[in-house]
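Please look at the sequence and the model before reading on.

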Amino acid sequence: DLYYVDHWVNFGTAADGSPLPAGGPLVELSGSPYAFAPEKRRTIRHLFVQDQWAIAPEWALTSGLRYDHYSDFGATLNPRLALVWLSTDQITTKLLYGQAFRPPSYQELFAITSRSLPNPEIAPERSQTIDLSFDVAVNQGLHLNLTLFQLQQSDLISKDRNRQYINSGDHTIRGLELEALWQATTTLRLAA
């Protein structure tokens, strides 16, 4: 019942297209072209496979593939790869690659509001990430991590001048993350 809409009004336009005088009795618009949000159904099917290979004693490769099919906008296929190298007893190096998506929401696809117009032809937002991570076990209680990353997003969903949802462009974010995890005592852990 996620997309079930029950819409009643006492002004505007009736379900048959005739005008309604303001303040009259409530009239149901559910299921009519004049309802602010049509009743819709979204069916999602997905399949995910993943495997890990020990390439050498210090090397592991994990790969995965996910297929999603949405009844209201179509299908998408997204791979993920992770190459892990136990560089030393204290250092683990990881190279990660992945693709993902954000499906259009019900409002972006179908709902008319005072601030936005839907677009049933809108595509999902897509992203690609690449991470290079170095995890250092300084000692048994202290771990440090440095991750360099790049995130590329495309088909970003926004509104145009007419307030209609559109796929509007893309952007790239690059950066680094620093992490520290210290198990100070058996009952005290600090993270930054």
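## A side chain in a loop

Which backbone oxygen lies 3.0 Å from a polar atom of the side chain of N119? In this predicted model, that atom is the backbone oxygen of Y165. A polar atom of the N119 side chain also lies 2.9 Å from the backbone nitrogen of E121.

N119 sits in the loop between helix 1 (106-109) and strand 9 (125-139). Its relative accessibility is 15%, so N119 counts as buried, the limit being under 20%. Leaving aside residues up to four places away in sequence, N119 touches E108, L109, Q164, Y165 and I166.

## Nonpolar cores

In soluble globular proteins, nonpolar side chains tend to be buried together. Here the largest nonpolar core has nine residues, among them V5, L109, I122, I157 and Y165. A111 and A37 also belong to this core. With residues up to four places away in sequence not counted, A111 touches F36, A37, Y106, S116, L117 and P118. A second, separate core has five residues, including V9, A14, L29 and A35.

## Aromatic pairs

The count of aromatic pairs comes to five. The ring centres of W59 and W85 are 5.1 Å apart and the ring planes are at 5 degrees, so this pair is stacked. W59 lies in strand 6 (residues 59-70) and W85 in strand 7 (residues 74-85), so the pair ties together parts that are 26 residues apart in sequence.

W59 is partly exposed, with a relative accessible area of 32%; W85 is also partly exposed, at 34%. Elsewhere, Y70, F73 and F101 form one aromatic cluster.

Notes
Residues numbered from 1 in each chain as written. Predicted model: local features only at pLDDT ≥ 70, side-chain atom pairs only at ≥ 80, totals over all residues. Heavy atoms only, no water. Phe/Tyr/Trp six-rings, centres within 6.5 Å; stacked < 30°, edge-to-face > 60°. Helix = DSSP H or I, 4+ residues; strand = E, 2+ residues; numbered from the N terminus. Buried < 20%, exposed > 50% of the residue type's maximum accessible area, 1.4 Å probe, protein only. Core = buried A, V, L, I, M, F, W, Y, C linked by side-chain atoms within 4.5 Å. Contact = heavy atoms within 4.5 Å. Polar contact = N/O pair within 3.5 Å; in protein donor to acceptor, adjacent residues only side chain to side chain.
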